[in-house]
Amino acid sequence: MDLPSLAIILQAALSPNHEERKAAEESLNQFQYTPQHLVRLLQIVVDGNCDLAVRQVASIHFKNFVAKNWSPDEPDEPQKISASDKIVVRENILGFIIQVPQLLRAQLGECLKTIVHADYPEQWPNLLHWIKCNLQLQDQQVLGALYVLRILSRKYEFKSDEERLPVSHIVEETFPHLLNIFHKLIHINNPPIEVSDLIKLICKIFWSSIYLEIPKQLYDPNVFNVWMVHFLNILERSVPLEGQPTDPELRKTWGWWKVKKWTVHILNRLYTRFGDMKLQNPENKAFAQMFQKNYAGKILECHLRLLNAIRTGEYLPDRVINLVLQYLNCSISRGSMYQLLQPQMDIVLFEIIFPLMCFNDNDQRLWNEDPHEYVRKGYDIIEDLYSPRTAAMDFAAWVAGQYAYTNFSDQNNFRSALHCIVSGLKDPELPVRVDSIFALRPFVEACKDLDELRPMLPQLLDDFFKLMNEVENEDLVFTLETIVDKFGEEMAPYAIGLCQNLAAAFWRCLNASEADDEGDDSGALAAVGCLRAISTILESVNSLPQLYVQIEPTLLPIMRKMLSTDGQDVFEEVLEMVSYMTFYSPSISLEMWSLWPLMIASLNEWAIDYFENILVPLDNYISRGTAHFLACKEPDYQQSLWNMLSSIMADKNMEDNDIQPAPKLIQVMFQNCKGQVDQWVEPDSSGFGSNGVGSGQSGLRLDAKGGAAAIKSHDRFGTICDRNRRTGCHGIAGRSIGIWAALRQKHEGRNVMVLHEDVKGFGRLCGRSSESGLLLAVGNWLREEMGNGSMNIGLAPPRDPQSDCRLWIFTSLAIPHQDIHHPYIADALYYNGSLTLGILHKLGVSSEIFNMWFQMLQEVKKSGVRANFRREFDKKVCCLGLTSLIALSEEQLPAEALGRVFCATLELLASYKVQVAEAKKEAEAESDDVMDGFQTDDDEEDESDREMGDDDDEEEGDEADSRKLKKIAAQAKGLQPEDEDADDSDDDYSDNEEMQSPIDNVDAFIFFVETVKGMQAANPTRFQNLMQMMNFNHQALASGIAQHAEQRRIEIEQERIEKAAST
């Protein structure tokens, strides 16, 4: 289509006639992918002879087409814009940016942003050269270069690490010219408004370049000083009076006020980046000290002069006030900054902060016209970001907070203030009632004598729910949570009524949120708050299980609805409610069991991110409703659990961390269903599969007729094995792929034992982890080859498909996962050692599994700390699993293997005994230190003096803590491996989780001694031979464990007697 024809169609797209407009749009869509269509659109955009409205339509169509088609979403998606058209656009759009009016420049700017993000630097390497050249020219060329440089710098504003590497080159090439332009602009006398646009662009470029990290060029003190001098110059300079709009909305967006705002923005960012020495990396410390010494105080002085406009009645935009007060609020806690501010504190508080906080005419107007909007606006997070009043309140709150813990010499003063706030709940004005509720919260928290609140509690709760019927606000629920938490079990008489009212409030908030067309989240946030408050109530009455039975009918409709896709925004809160109801109720009702299929369905379909949360109620169902879980067939809970675990473990798209709760669930089942779920250990032995438990047929058992299904089953097994070994080998497998590819090619069609020797040789060269990685690859290859029957095993025929399907559960149990270091194979052994070991032998994997397990038991860090199984619980499970092997016959566990198991168990029990004793000692020490942790009044005053004063050493004081915090943060973000020798503490492996298990009542030492005595009685010769095999060290360990077991018998009996006496 030629240019005139295209212009006519674009003109028709503006027609008021619907049919003409529709025909034009269809024509544009029809020809949009033809060669040079995009180029012709750009030509019309820049054609000054065309009607501006037509050019605008062309610019919008051009922008939308570029945004949608310039860079395909998928790598294999075909390009819809030819390479030649892209070249023409890139070569011309830069020059056109400065030629078109502002209305069209905004559209082309969006296009340029899309192209820069997609093509720079790979497909557009000369872009930076164009910018650099135009920065050295004049007027419009400089404006165009600054405009483009702003877009380019913004691409990297939030980039970090390797993605940010181009920033250094951009700064190196452009900032010297940028600084030269900046210098000239700020020295122009009586500058026109156009100058403000240029300075604003420079500020934005600087902001984007320093937001996450300061470019290395700016660490030069001389270069940085020139920039800071210019920024401080702008900050101190008065905004021109001439040309300022009189309209308030236009005035705050006026160019010179925008320049002031961006300057304050930049200086605030630099202070938050370098104002606190405790947050600095060693390489930044010298620069941060220089910044604090030379600039932080000067910035504060400039900010205070800006705020003086409030005292004199001059204009200062709300956003500028907000940013300046943010700087004060951030810096006042520093001793040196407080000293600068202290002489002017009265002026700041009473002549600046107080007037900003005062109720004004605009507030009164909104109060009268729409009190609900007044309340909403007063607690709107977005308003807080820009409001001078919020920033002023934050600053005043910091000052007041210094005296918040002062004890009232006369408690009547506290009592009077409390009663004044409570009386506000009866005020006829809605905003007063709402603010009274919020003001009540800190009083409840600070109240030491609950008798002050106890008499008014029923009326308080009544006022709460009346207000919740009028206002949807999550802060209301926060105060209610505080009251519930404070009174604890005393809330029991009100628990049912509270849950009913909160449930009703939840449905109202949910309906309001769904009906809201404006996207206001207040209703949704309040709904979340209601569920959180319900959970707080459920936790507070946990000693009264019968209450849960009465509360259940109120909460069931919420749980049923919100465990589906309807509840994605509150799924975590609902799961917490289900956890409380299934844990504290006297028993799990059939109605509560109806939630199991909903959770399983959600997990299968979309809720994998909540697997860890879902694990808790599923654990409760299995452990507290074991009989129903095992017996029920409609629905079949075992089958649904098996299907879910099989599907998740086999999904190649799942991340390893996402599926770690799966083996935990297997652990829960083995520990709670001991002797009743043999089909999980060997699924085809009793027919566990798609046809159900005990059907006599296995849904996973496939014969030769299975064909493709058998191969698919192999693929599933391979995926599961691959996943488990990756988590077990800490990701080493990926580094061995290249080596494996070569080995596989070398051994194509050859005997697997020859291949195995090569793998072992590679392992000896590169270490055990690399060997494990190769074994993973070998396992995958074996799976493929066994699937198509082309592999010559050499020793035994290939395993049948159902054997591989059985093996998945052992690979999931055998290898300890990266984050939890727990050998779930131990659970299977404790469940049934004979059955488990027999299956492992049958599958031919027992040697590999036990060799790896024993090797991990022996691994220590450089400091001597155990590398694996560091939690008490993990050690205990290992001890129980290994001890279960000792009871096996000589046919199943030969004498040599018995000796190895026996010695490993003794060593682990000794380590477990030491860890339990240390944990007990630490718990007693913490209990003794509780009262010592409270500061005296003198201590508080000294601390306050240090905070207010100029403590030169404060930057050094917390440096070690700061490094520790940074390390923790780095580990959380995956930037640093967690298994470093630099931190050998077992603190993170203490068993402080409130978890319950059937093995809690099993003492590992007594279990070990009784098992050994049983073996001695059953086979004295085997026992005698075992004792003779042990060296002196292990004999001493055995004697010590026996003595400790006897001591534990006495302690357990004493605990039983004391418990019986107390009840």
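**Reading the model**

Tutor: Of the protein's 1063 residues, 48% count as buried. Buried means under 20% relative accessible area, exposed over 50%, and partly exposed in between, with a 1.4 Å probe and protein chains only. This is a predicted model: local features need pLDDT of at least 70, side-chain atom pairs count only at pLDDT 80 or more, and totals for chains, interfaces and linings use all residues. Residues are numbered from 1 along each chain as its sequence is written, and side-chain values use heavy atoms, with hydrogens and water left out.

Student: How many helices and strands are there in the protein?

Tutor: The protein has 52 helices and zero strands. Both are DSSP runs numbered from the N terminus: helices are H or I with at least four residues, strands E with at least two.

Student: How is a pair of packed helices described?

Tutor: By the angle between their axes and the distance between the axes. Take helix 29 (residues 571-584) and helix 32 (residues 611-624): they pack at about 20°, axes 9 Å apart. Axes are lines fitted to C-alpha atoms over the stretch in contact, and angles run from 0 to 180 degrees between N-to-C directions. Helix 29 is therefore roughly parallel to helix 32, a label for angles under 35 degrees.

Student: Is Cys-509 buried or exposed?

Tutor: Cys-509 is buried, at 5% relative accessible area. Cys-420 is exposed, at 55%.

Terms used: Parallel < 35°, antiparallel > 145°, perpendicular 65-115°, else oblique.
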